Structure formats: structure tokens, C-alpha cells
Amino acid sequence: MYKRLSAVLFPIMTLFLIGSVYWGYQEHQEKNSILIKAENQYQRAFHDLTYHVEQLHQQLGNTLAVNSTSQSYHRKGLVNVWRLTSQAQNEINQLPLTMLPFNEAEDFLSHISNFAYKTSVRDLTKQPLSQDEFKTLKTLYAKSEDISKDLYKMQEKVLSDHLRWMDVEVALAKQNSPNDNTIIDGFKTVDKKVSEYPEINWGPSVASMYQKRTINMLSGSMVTAEDVKNRVTEFLGTKPADIRVVENGKGTEYSSYSATVTEPKSGRKLQMDFTQRGGKLIWFMDSRDIGEKKLGQREAQASAEQFLNDHGFKGMRAVSYNMFDNTGAFTFVSTQNGVLIYPEKLTVKVALDNGEAVGLQANDYVYEQHKRSIPAAKLSKAEARKALNPEFKVANDQMALIMNELGEETLCYEFTGGINGSDYRIYINAESGVEEAIEELSPLDKRTSSSK
């Protein structure tokens with residue numbers, strides 16, 4: 001009996017064993033294949049990064065080498081600098097550096113990219129490179145050489161010592177690890193050098209992109225937690241039983257207050273953020289469950305406008321609309337003397353079950369709001385329309401103040417209309433007649449525009 005059973009089970013167990021070994025081998029092969037593929041991708045990204053930073057250095061040198069009056073080559077060179085820095089940034093993002101402090105070098109490349117782009121898009125025949133900009137280019141040329149040399153040293157080490165990027169990933173993933181790795185040390189060295197560079201004059205258009213909003217930009221006196229509780233009560237129209245207020249960034253120039261009101265029975269939460277200087281509301285959210293959609297866009301927009309009027313946001317105009325999960329989100333901008341002020345924008349979120357406002361994002365409005373001296377348009381509306389495509393069918397037009405690509409506030413004619421089966425807003429500079437911006441409208445945006 002035992003012999004008979006053995007004769008049956010032994011071949012079966014042998015097959016199982018062979019199958020297990022084969023399965024294990026296949027798994028090992030697949031794992032190795034994935035690791036090899038990842039390693040190859042990392043190696044390619046690193047070598048491409050090294051190459052493109054060297055090309056960036058050369059292109060900066062080429063741009064500086066030509067005659068100072070050669071606007072056409074300056075534009076071409078700056079466009080190439082922008083392209084190369086964008087490629088380098090993309091390659092950095094492909095490397096396992098998320099846990100490694102390399103933010104100084106990334107920020108430096110970001111500044112170069114924006115400096116090159118914003119300088120190249122302007123009309124260099126009318127506004128050629130200034131002496132300060134040439135000085136900045138010379139500084140970038142010298143500093144990019146330093147970075148390029150350090151990357152090439154790392155590249156030589158990687159190739160000669162057969163270093164693996166997968167080891168970098170493992171070293172970074174280990175908590176409390178000393179991260180003693182040649183590649184990691186190399187990137188830390190580059191980042192440290194960049195952090196020690198003297199202040200570079202990037203120009204106002206680039207500097208404004210990295211300008212952080214602080215309480216120093218606001219007017220009014222500093223408020224206390226008790227003042228914030230009073231503002232919450234004023235906002236709600238009734239005094240809640242319990243208001244919790246937390247100070248964010250205490251003692252810094254970014255300090256603010258967060259207030260939370262919780263209804264005891266339902267657990268429904270209302271959350272608000274206020275600036276510490278002036279005590280202005282910059283964010284509001286009602287976390288209640290929203291029922292089935294019952295209101296259309298027109299009724300929801302009327303509710304949003306009433307909400308803004310009730311809470312001191314006067315003279316706002318709806319310019320766009322989106323719908324998400326039974327809520328409608330309206331973007332509003334300020335108006336001054338009939339001109340739309342796009343830098344002063346805010347968003348109101350409306351529940352489509354009863355029209356109640358359940359959200360507000362007013363950060364841009366609060367920090368950008370001030371009385372502006374709006375210049376008179378040098379071009380007439382008819383002259384500005386000549387810049388449009390002859391096939392563009394204008395449905396609406398008005399004056400608007402927008403931020404152009406150089407980060408400058410620019411007075412424009414805003415033309416809304418259609419071409420090629422789509423609807424657009426086109427902004428024509430009211431002084432020069434050039435197209436400053438164009439945006440495609442969704443069907444919902446079109447209805448918002450037509451209701452102005």
C-alpha cells in the first residue's frame with residue numbers, strides 16, 4: 001500500500017518541486033528585468049542631464065559672444081537656453097532625488113528657465129537686453145560651468161566605478177541612514193555650491209514669480225485670536241457655541257489664523273482662514289454633504305453673487321464656471337471704472353441642491369487688491385479688432401487688466417467669440433495692438449460670459 005502510494009505521490013511532488021523552482025526562476029528573472037530597466041532609465045536621465053547642462057553653458061557663452069546689438073541671435077540663444085533648462089529640469093525629475101536636498105540647484109535652473117523665457121518673448125528690437133541682463137547672463141555662464149564640471153566628475157566616477165542608481169534609491173529609502181554614497185555626496189556638493197552663490201539680479205519680471213506673499217503686503221492692524229472669533233461670528237451671522245482658532249506660522253511674516261466651527265449634533269465643520277494683518281478672510285469651506293442637483297447655472301451664479309455682496313466683496317464679475325459633483329465653482333474678478341481687474345480674482349463654490357455657498361478661495365483678491373491708476377487706451381476698439389483673425393466672430397468685448405507673460409499688468413481689449421467651432425477669449429494690448437493672451441472657453445464659461 002505504501003509503495004503504491006509512493007509511486008503515485010512521488011511523481012506529483014516532483015512536478016510540484018520542478019514547478020516551484022521554475023516559478024521562482026521566472027519571478028527572479030522578471031524582477032531582475034524590472035531592476036535593469038529602472039537602472040537604465042536612471043543612467044540615461046543622469047547622462048542626459050550632464051550633457052544638457054554642458055550644452056546650457058555653451059549656449060549661454062554663444063549668446064554672450066555675438067554683438068550686443070544682435071537681437072535676433074539673442075532671441076534664438078535665449079530660446080535655446082530656456083529649452084535646455086526645461087530638459088535638465090525634466091531629467092532631474094526622473095532621478096530618485098525626492099528625498100535628497102537638491103532644491104537649491106533645481107530652483108537655480110528654474111530661475112534660469114524663467115529668465116530666458118521672459119526675456120526672449122518680449123520685442124528685443126524695441127527693448128534690447130540691458131546692461132544688467134548682460135551682467136546676469138555672464139554670471140549664469142560662469143555658474144553653469146561650475147555645475148557642469150561637478151556633474152562631469154560624477155559621471156566619470158559613475159562610469160569608472162560602475163556605480164548603480166538603484167543603490168542610491170535604497171540608500172535614500174533607509175531611515176536613519178548616513179547616506180554614504182558617491183552619487184548622493186556629489187549631488188549634495190552641487191547643491192551646497194549653488195546655495196552659496198551671491199544674489200543674482202533676475203529682473204523684476206522673474207523676481208515677481210518667486211515673490212512670496214507675506215503680511216507686510218497687507219494693510220491694517222494686527223488682529224488677535226479673539227478678533228478672529230468675532231469675524232467668524234460676523235461672517236456666519238450668529239455666534240457659534242464653540243470656535244477653535246489656531247495661529248499658523250507664529251512670529252513669522254507668513255502668520256495667519258485658522259478657525260474651525262463644529263456643529264455638536266451633525267458634526268458638520270466650517271473652516272476659515274484669516275490674515276493676521278487686517279483679519280481678512282482668505283479661505284472658507286463648509287464640509288456638509290450635498291444633495292441631488294436642483295439648480296441650474298443661472299440660479300447658482302445669482303446665489304454666488306449674493307454671497308459676495310453679503311460679505312463685503314463688492315463690484316465683482318463672474319468670468320468662468322466649472323461644475324464638480326453637484327457643486328458649481330465660479331471665478332469672479334473685480335471691476336474698476338468698467339475694467340475687469342483679473343489679478344483681483346476669487347472663487348466661490350455653490351451647492352447645487354439649495355444654492356448655498358460652501359466654499360471661498362480669496363487669496364489672490366486679498367493680496368492683489370488696491371486702487372489702480374488705469375491708463376487710457378491708446379488704440380480704439382476698432383483698431384484693436386484689426387489684430388484678430390478675420391474669421392473670428394466677436395460676440396462680446398470689454399476692457400480688462402491682465403498679467404502678461406512678463407508679469408506686468410497690461411490694459412487690453414478682451415474679445416469673446418468663436419472660430420473653427422470653438423469659443424475663445426482673446427486679449428489685445430490696448431497700447432500696442434499685439435495679442436497678449438488667448439484662452440479657450442468651455443460651454444459653461446461661454447454662458448457665464450454671455451450673462452455679463
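**Briefing: pocket, cavity, helices and salt bridges**

By class, the largest pocket is lined by 9 nonpolar, 5 polar and 10 charged residues, where Ala, Val, Leu, Ile, Met, Phe, Trp, Tyr, Cys and Pro count as nonpolar, Asp, Glu, Lys and Arg as charged, and the others, Gly among them, as polar. This is a predicted model, in which local features need pLDDT of at least 70 and side-chain atom pairs count only at pLDDT 80 or more, while totals for chains, interfaces and linings use all residues. Residues are numbered from 1 along each chain as its sequence is written, and side-chain values use heavy atoms, with hydrogens and water left out.

**The largest pocket**

- The largest pocket has a volume of about 660 Å³, and of its 24 lining residues the closest to the centre are N404, N429, S432, V434 and E436.
- Two or more lining residues come from each of β10 (409-419) and β12 (435-441), and β10 gives the largest share, 3 residues; strands (E, at least two residues) and helices (H or I, at least four) are DSSP runs numbered from the N terminus.
- On a 1 Å grid over the protein atoms alone, a pocket is an open set of points with protein on both sides within 12 Å along at least five of seven lines, a cavity is a set where a 1.4 Å probe fits but cannot get out, and lining residues have an atom within 4 Å of a point.
- Grid points are joined across faces, edges and corners, and a volume is the space filled by probe spheres set on the points.

**The cavity**

- A search of the whole structure finds 1 cavity of 30 Å³ or more, and about 60 Å³ of space lies in the largest cavity.
- Its lining consists of L49, V53, I92, F102, A105, L109, I147 and L151, with α1, α3 (103-120) and α4 each giving two or more residues.
- By class, this cavity lining has 8 nonpolar, no polar and no charged residues.

- A45 lies in helix α1 (residues 2-65) and is buried at a relative accessible area of 0%, where buried means under 20%, exposed over 50% and partly exposed in between (1.4 Å probe, protein chains only).
- Leaving aside neighbours within four places in sequence, A45 is in contact (heavy atoms within 4.5 Å) with E91, Q94 and L95.
- Q59, also in helix α1, counts as buried at 11% relative accessibility, and, with neighbours within four places in sequence left aside, Q59 is in contact with Y73, G77, N80, V81 and L84.
- Helix α4 (residues 131-160) has 30 residues and reaches 44 Å from its first C-alpha to its last, close to the 44 Å expected, the expected span being 1.5 Å times one less than the number of residues.

**Salt bridges**

- The whole structure holds 15 salt bridges, each a side-chain nitrogen of Lys or Arg within 4 Å of a carboxyl oxygen of Asp or Glu.
- R122 forms a salt bridge with E133, the closest N and O atoms being 2.7 Å apart; R122 lies in the loop between α3 and α4 and E133 in helix α4, 11 residues apart, and both residues are buried.
- D150 pairs with K193 in a salt bridge at 3.1 Å between the closest N and O atoms, and because D150 lies in helix α4 and K193 in helix α6 (residues 182-195), the pair ties together parts that are 43 residues apart in sequence.
- D150 counts as buried at 10% relative accessibility, whereas K193 is partly exposed at 36%.
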